Every structure is written in C-alpha cells, then in structure tokens.
Amino acid sequence: MPELDDELMQQFQKGDENAFTLLVRRHQQPLVNFIAKFTGDRDNAEDLAQETFIRMYKAADRYKPGRAQFKTWMYFIAKNLCKNDLRNRSRRDKFRVDNVTSNNNDNGDNEEDIDLIATAPADTALQPEIAIERKELHHTIQNAIAELPEQYRYPLILRDIQGLSYDEIGKILELRSGTTKSRINRARIMLKNKLKPYMETI
C-alpha cells in the first residue's frame, strides 16, 4: 500500500496543487528544525526550507513513488542547500545557535512562549529556576552539536533529533551502512566528551 506522501505526490503530479500544500504542512516544521539545528540560524532555516520545497515542486515530475521515501528526498535536497549556504557563510566564525528552535512538535507552539511564573505553582518542572537550567542545558547541547565536524554533525542530527533510520540517513548522506553507524557512534562519543565538563558542574 502506497504511503501517504507517495499518494500526495501522485495526486500533485496529476495536477492537484493542494496535495503538495499538504506535503509542505506535514514536513515543514521537522525540516525547519533540522536546518536550524545544523546551521544554527533559525531565520535562515525558514528560507532554506522554503527553497527545499520549491526545488521539490519543480522536480516533482521526476519523483518515482516507492523508489525513495519523500522525506529522504527532502532531506537530501536540504542537506545540499545547507552545505552551499554554509560555504557561502564561511567567513562567519561561529554558528548562531541561540535561534535554534527547541520545540520538535508540529503544532506550532513554542515552549519559550509559556508564562513560566504563571504556571509554576502547578508543576515544579515549570519553576523559573528549573526552566533556566533546562534552557542553559539546551543551548549548551546546541553549541556542542554545532562544534562537531560536518561529517559527524549531519548523521547525528538526522538520527538522534530527526529520528531517521540508518538506511534513510545513508541514502541522504550517500554513505554505506557501516560508515553511517560508525559516524553516528563517533558523533555521540564526541558530543558526550564535549558535554562532560558541563555535566560535572551540575
């Protein structure tokens, strides 16, 4: 049975514009999160995600259902756009990780908009002090991820943040299965070592 993404692409190939709109709605937020976490630039992530969908729109007639998953194709295009963008911004010394979204759900809510003081009495997890610690940890992790070499950063984000399978990641990054797993394991070790000094202080 064809997946929903394949069905929507087939409908779009037959002229149903609304089908592609639904595809964008299904995948836009995860894609923006992926780009933002890799580039450290939330505003630019929105633009790159839009450009990804534009390219997919233009190349839709070449899409073959069942040959590759829609999201694999999507992340493959986004990966190349990210690489080009980072090369163009190579003069910058660091990533702007402060703009990376910390919300991975698709409902559009932003946890930063929660009134922590108003809701704190009902849940100790929402106490301002705890919220600040969590926010600090989040930014520390994002900084550590941003500092990973590109060859390790990409597979780590795709696996541990986006939740893709090893096979999907291998197709996106054009890597063999063993190489994909090796790089993810190596990235996890590197990330753990980077976070060790911070974890020892809390």
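The following conversation goes through a predicted model and asks how its descriptions are reached.

Visitor: What should I know about the model before we start?
Guide: The model is predicted, and local features need pLDDT of at least 70, side-chain atom pairs count only at pLDDT 80 or more, while totals for chains, interfaces and linings use all residues. Residues are numbered from 1 along each chain as its sequence is written, and side-chain values use heavy atoms, with hydrogens and water left out.

Visitor: How many helices and strands does the chain have?
Guide: The secondary structure comes to nine helices and zero strands, where helices (H or I, at least four residues) and strands (E, at least two) are DSSP runs numbered from the N terminus.

Visitor: Why is glutamate 168 called buried?
Guide: Buried means under 20% relative accessible area, exposed means over 50%, and partly exposed lies in between, with a 1.4 Å probe and protein chains only. Glutamate 168 has a relative accessible area of 11%, and therefore it counts as buried. Its place is in helix H8, which spans residues 166-173 and in which Ile169, Gly170, Ile172 and Leu173 are also buried.

Visitor: What do the buried residues of H8 pack against?
Guide: They pack against helix H4 (70-88), helix H7 (150-161) and helix H9 (177-199). Contact means heavy atoms within 4.5 Å, and glutamate 168 touches Gln69, Lys71 and Thr72, not counting residues up to four places away in sequence.

Visitor: What makes leucine 195 a buried residue?
Guide: Leucine 195, found in helix H9, has 12% relative accessibility, which is under the 20% limit, so the residue counts as buried. Leucine 195 touches Thr140, Ile141 and Ala144, again leaving out residues up to four places away in sequence.

Visitor: Which residues line the second largest pocket?
Guide: The lining includes Arg55, Tyr63, Trp73, Phe76 and Lys171, and H4 gives the most to it, with four residues.

Visitor: What classes of residue does the lining of the second largest pocket have?
Guide: By class, this lining has six nonpolar, one polar and five charged residues. Ala, Val, Leu, Ile, Met, Phe, Trp, Tyr, Cys and Pro count as nonpolar, Asp, Glu, Lys and Arg as charged, and the others, Gly among them, as polar. Trp73 and Phe76 in the lining are therefore nonpolar, whereas Arg55 and Lys171 are charged.

Visitor: How much of the chain is buried?
Guide: Buried residues make up 40% of the 202 residues in the chain.

Notes:
On a 1 Å grid over the protein atoms alone, a cavity is a set of points where a 1.4 Å probe fits but cannot get out, and a pocket is an open set with protein on both sides within 12 Å along at least five of seven lines; lining residues have an atom within 4 Å of a point.
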